[in-house]
Every structure is written in C-alpha cells, then in structure tokens.
Amino acid sequence: MSDNILIMKQITKTYPGVTALNQVSITLGKGETLALVGENGAGKSTLIKVLSGAITPDSGEIELLGKQFHSMTPIISKEMGVAVIYQEFNLMPTMSVAENIFMGEHSGTRYFFNKKVIIEKTEEIFREMGVHIDPGTAVKDLSVAYMQLVEIAKALSRDAKILVMDEPTAPLTDAEVEILFTIIRKLKARGISIIYISHRLNEIFQIADRVTVLRDGERVYESNIGDLTRDILIRHMVGREIKDQYPKREVKIGDEILKVEHLFGNGDKDISFSLRKGEILGIAGLVGAGRTELARVIFGAEKMDSGRILLDGKEYVPSSPGKAVDNEIGLIPEDRKNDGLILNFPIKWNITLSILKQLTRMMFIKETQEQSLVDKLISDLLIKTPSSMQKAGNLSGGNQQKVVLAKWLAVKCKVLIFDEPTRGIDVGAKYEIYKLMNNLCEQGVGIIMISSDMEEIMGMTDRMIILSEGVQAGELEKKEYSQELILSYASGNK
Amino acid sequence: MKAARMVKENVVWVMLVVLVIMFSLATPNFAKPGNMITIFRQISNTGILAIAMSFVVISGGIDLSIGNMMGLCGMITAMLLTQSPLPIAVSCILGILFCGVLGMISGVLITYTKMPALIMTLGMSYVCLGWAFLTTGGFPIYGLPEQIKILGQGYIFGWVPVCVLILIAVIIIGALILNKTNYGRYVYAIGSNEEAARLSGINVKFMRVSVYVIAGILSGLSGILLMSRVNSGQPKNGNGMEMDALIACVVGGVSIAGGEGKASGIVGGMFVMGVLANGMAVMGMSDYTQTLVKGLVLIIVVATDSFTRTYLSKRKSA
C-alpha cells in the first residue's frame, strides 16, 4: 500500500509510573483493514484515543490525509474523517435511528429540523450498507447488533474515511458477525480504511489485510496476514519468555478451605472449583468472560442463583459483603478507585473500615488501637505517605492498592480474592504485591487471583480455571500451563 | 493554596465574626447579653433540625420532611397531652417516636425502591402537613399543661434557657456520634462512596434507613420544643424550617453531594443563620428582607466554596 492515509509516527504517552505507549508507529493504507492486537493493557486503546483526540501524546506525529498534526482534538479528528465505534455505544436510546444518525448534523431549513430529509438520507445509507432497518425505530428497541450497524451508519453519514472498531464482535452472535463482516468488506471496497481491534484471532484472519501487534506499549511485530500463522501471532502477542519476575514460594498446600459446586448466577453458569490453604488459584479468561462476576458472587456482592459453597467444610451462603467479612472472606476489587477505596477518606479510615466494629467499645472507636494497627500496616506494606491521615485519593496507584490490601490484611482473611491486583501499577509495586501474596500463602490463606496478564497469572498461580463467556472452559495444573492452551480455552475453542 | 484552603475550611467562622461586628456597630441593642441569649433560644429549633439534616446529607441523602414533621409531632403530642390520661413525659416520648417511625418509612422506601430521597421526603413533607391539619381540621390545640412550658420557655439558674441546654446536648451527642463512633464513620463512608462502603462489609441498607430515623426523632424533639414555646399545637409549626436547617448545614460546609461536613461547621452554620435573622430583626428589617438575605447568603457561600474547590483541584493537577 503506497498511499497511506494515516501515519502515526513514534507516538509516546506516559502516565505517572507507566509508559502506555513507547515510540509506537503505525500506518494505514486507503481501503486497508489493519488489525491491532495485543493483550489487555498493551496500549491498543491508548493508541486509539490518541487518534481520536481523546488524549494528547507526549511526543510523536500524526499524518492524516497528508496533513501533519502533533496531537488531535476530538473535533479535528472527526472532521478529518476518523470515526471510532467503542464497545459502549454512543446512542440516545429513546430517539429514532434516523435522529441518532444525524445527531448534531444540520439538516432541514435554518431553524427547523426536517424529519423527512433525514429519514431519506438514512434509508440511502442503509441501502448502500445492504441492511434493512426502519429509520423510525427507537434505538432502544434494536438488538445490540443493529445498534452497532447504526453506529456504522452514523460514521458513514459523516463521510468517515477511517473507521476504528474496538472489539466489535464481542456482543454479537455468529450470524451477526457474518453480517458485520459483509458490511466491512463493502466498506473496504468503497475505499474506507478500517482499524480493527479484537481478541478473537479467527476473525482477524478472516477480515484483516495486515496485523500490528502491540505489547506493553510497544509495537513488537507487524506482518501481512498472508505471511502469518495463528501460532506466530500468539507468540508475538504474549512475547518474552517468563523471567524470574515472580517471587518463588515454598508453601505446603493445606486442607481445602473453599469449595464451589455448580455455581450459577450473575451471568456465570455451572462453575465448580476448590481452593486449599496456602494455594493460589487463578481464574483466567478474556475480558467479559465472567471472572469478576464470579468473584462478586462468592463475596456476596451479587446474588447466587443456585449452587453450593462450602467454607471450611461448612455450607456457606454468600448473602452480603458484610457476611463475607464476618466469615473472613475478602475481595480486592478490580476497580480500586470506585469499589476498593473511599478516595476522600484518609488512609487510616480506609484501612480500618472493614474491622471498625471490632475496634470499638460501646460504639466508640478505640483510637490509639486504631492508630497503632494502621501504623503497623503502613510500615509492613511500605505504603509511602507522609501521614496516615493523607487522603487515599492523593496516593499513587500502587500505594492505593496497598491501602486496599491493608484493609483486608486487617480483617485477617482466610480466603482472599484478588481481582486484577496489579492493573495500572508500576513494576516495583507489582513485585511487592506478589511477595505479599506469597506471605499470605505461607500463613495459610487461600487466594483466588483474577488477572488478564497472562504471564502474571501463569507465574503466580498453582492451578487455574479458565472461563469463557460465563462457562468454565477448562482447568489446568501448573505443569500443564501454556499460553497457547489458555488462550484457546479462553476463546472458547474447546 | 494553603490560604485558599484555610478560607474554605473556616469561611463560616469568618462570616460569623464579620456579621457580629457589623450588627454590633449598626445597632447598640444587638450586643447585649440578653439578646445573645435570645439568639441562642431562637436557633434551638433550627439547630436541632440542622443536626438532623446533617446526618442525612452527609450520608448522601436529603430530608425535606423534617420541618413539617415538627408541626405534626406538636399536634399529636398536644392531643395526647390534652385528651389522654398519659403522663406528660410519655406523651412527649410517643410524639418523638412517632416521628422516628415516619422517618423510618421514608428511609425504607428510599432504600428499597431506590426512589430519589428528594422526592420521597418532599412527599412525606406534604403528608405531614396535611395530617397535621387533619388532626383538628386546622385548628390549633390550646390548653396544654403548665409543666410542659419549661421545655421551651423555662430557665435554669434563672438565665439559661432549657431549650438551649437541649440544643447543646444534641450538638454534643451528634458530634460525638459523627466523630468518635463507628456509626459516624459509616455515615461518612456511605455518603462518600456507597459501593466501596458496601464492599467493605458495611450494612448500607441499615445505615440508610437509620439516618432517616435519627432525623425523624430529632425533628420530633424540635417539634415538642416549639410546641412548648408557643404553648400550643400549631399545624404549621416548623413549616419551611427544613430549608433553614439545610442552609445552615450547607453554609457550615456540609457537601450536598454527601460524605463531607464537620459538626463544628454545622454549629457555625446555625449561628450564622441565627445571628443574621436576629440582627436584621433587631435593626427593624422586615421578614421579607430577612428571607431575601438568607437566600443571598446561601448563594454566596456555596459559590465561594465551589469556586475555591475547583481552584484547588486545578492547582493540584497542574
């Protein structure tokens, strides 16, 4: 492809403690479909946000339709013909399809909106796409697949030249995926370029012309689809050999502490596993596979529909987080800013929130005892802060996560669920968190670990179950671990 | 940045001092000890109501029914006092508990139907007002026993009003609960981030309901004091006072979004409102002017607070 319509050159974007993109360059030809692949956190969405103008890169250049930019703004990006379709649609549910497509566009006379014109225009776009949707239907009455088509139509109505699709097939059924692909092929034929982000490798081989692989914020590989096999692609996505970045632990694994039998609920279907003292059990799977959902059911934050949980051999019904805390089950949530911490609370209050009841006499908080407990945890976990009264919101990501950990250490949990414990945390703090998990194992705590970082989950866990679309797709012992195997279970191939 | 934060945290006290100096200079009658005690007496009702409101607002809710609930409590207690053989203390306690039950109804409906607190308590406010009128067909209830007067009109040591002592007791207990107990910590927690509080094992539903019960009980207490002061049950007693209480809270630094607010600030807030009302009355300004000024004060304080807040956060991110 000689006539590139988009060249992104050496884009770098850093956040405190994390390099999200490091000198990443990509090109996109006219009418080309480029697949952008990589693990979660590889930098795909950051790159897209740079292109759409949602974030400003630290350095680098963007050449779009022959024009040079240092950074984009959402308006310039749109005007230059870039349209991004996110996983969460940007549609007004109660308005009609036609109104959504022409939202913010001027049609009709000077002051009045001409319904007939937009309906005709909408029909024309749908005719080109080869789909049949009544432009007068309210968007909320459409299925997810059709909503996506409306998003595409919206992009076309604005004369988009580059269409970015972020995991477009995630909510679709197989038949709907076929419809989507037919439309993508038509768009290609019309000279529209497409950036396609997906975890599903099969689709990439069906639809893409070229693949760019990102890993840890760097572009590590690029190839035409014809020169590529699935294995090569996976190898590049996963990348380097596992080095000794996961501290070893020598722990005698003890008796069974938690047993889950045929659990249904919160979107998960028929999950069974057991956890022993001193063991780390991994729950692997793609985003949306039902891992967090499972953790929340066990913790009592969501309802369990049916199934049985045994805690220390006794039947346990997870009815509320409060009950979980009383039974020494802890959850370190995925979204630490919204679910794990109260950001405007001082560190001290966050740490003691779950055990405050035990720190009181006649309802009054025993303040010296609270302070000494907090001071000990702050020094044990090396939380870097000038004072225990510092607001949690002012800490770095790693230190915030340590505060969440401290809260659960204070409870002295028997079972602790870590949901993406190291997401967005720098390498040093990650290592400290791993060491801490090992310490807990030595003390006989049973740990469940959810992670999208393949290396991490393979490095840290003793055993894992793999979920795929809410179903338990596989279970592996440590000696059976291989990235290819896990990926293929996770993508629902077996 | 430090200066801005100092102003933000103490704006209510700065205002109070400025107001006191202003009124002292403007009229010689203001700064007299007798008038100071009058101010205390005048704020006892809204003061108790402000503490009630602060529990609800800090927890992330709002209760607009506590004003009219005062009137309803006064009517029901007055009826018990005049028409039943129950002892005075029992009648008063029943009146207060009745308001606690009304608060619980609001709390349960808000918590379990997830309806907005604003709407639920607005509805409850109308129910209370209507009910208060219906008890007697709109007529006040006179002829209360002599002893009940002591609450609203009595003095201890000849100069300390009983109602002021009750206010001080409510403030101290309220401040202790908010600052020193796990219950108070949970109130702040659910107002700051309900989901994180829930995932920390706090029984969020119980907390939600309980703050409305507390608000109801305090509103009932305030209603009985007012009934005693005017020596009769009046259906419209307390009408509109919930707004004065809310303004006192907000002026005192309670965030309407929940999770923020100090007992000391709320006390400052009630004094600002009390001094303002009293000073203007002493200067001979009309009720209408007072209402207008109250509105202006609310706007100025919240505008200053919001401005310094955005200013501070901009400085932080820069």
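Q: Which residue of chain B does A:Glu367 form a salt bridge with?
A: B:Lys180, with the closest N and O atoms 3.3 Å apart. A salt bridge here is a side-chain nitrogen of Lys or Arg within 4 Å of a carboxyl oxygen of Asp or Glu. Keep in mind that this is a predicted model, where local features need pLDDT of at least 70, side-chain atom pairs count only at pLDDT 80 or more, and totals for chains, interfaces and linings use all residues. Residues are numbered from 1 along each chain as its sequence is written, and side-chain values use heavy atoms, without hydrogens and water.

Q: How many salt bridges does the rule find across that interface?
A: It finds 3 between chain B and chain A.

Q: And how many residues are in contact?
A: 22 of chain B with 30 of chain A, contact being heavy atoms within 4.5 Å.

Q: Switching to chain B itself, how do the axes of helix 8 and helix 10 of chain B cross?
A: At roughly 105°, coming within 10 Å. Helix 8 of chain B is therefore roughly perpendicular to helix 10 of chain B (65 to 115 degrees counts as that). Axes are lines fitted to C-alpha atoms over the stretch in contact, with angles from 0 to 180 degrees between N-to-C directions. Helices are DSSP runs (H or I, at least four residues), numbered from the N terminus.

Q: Which residues make the contact?
A: Among them are B:Tyr183 and B:Ile190 of helix 8 of chain B, and B:Phe206 and B:Ile214 of helix 10 of chain B.

Methods. Chains are lettered from A and ligands numbered from 1 in the order in which they are written. Helices (H or I, at least four residues) and strands (E, at least two) are DSSP runs, numbered from the N terminus. Angles under 35 degrees count as roughly parallel, over 145 as roughly antiparallel, 65 to 115 as roughly perpendicular and the rest as oblique.
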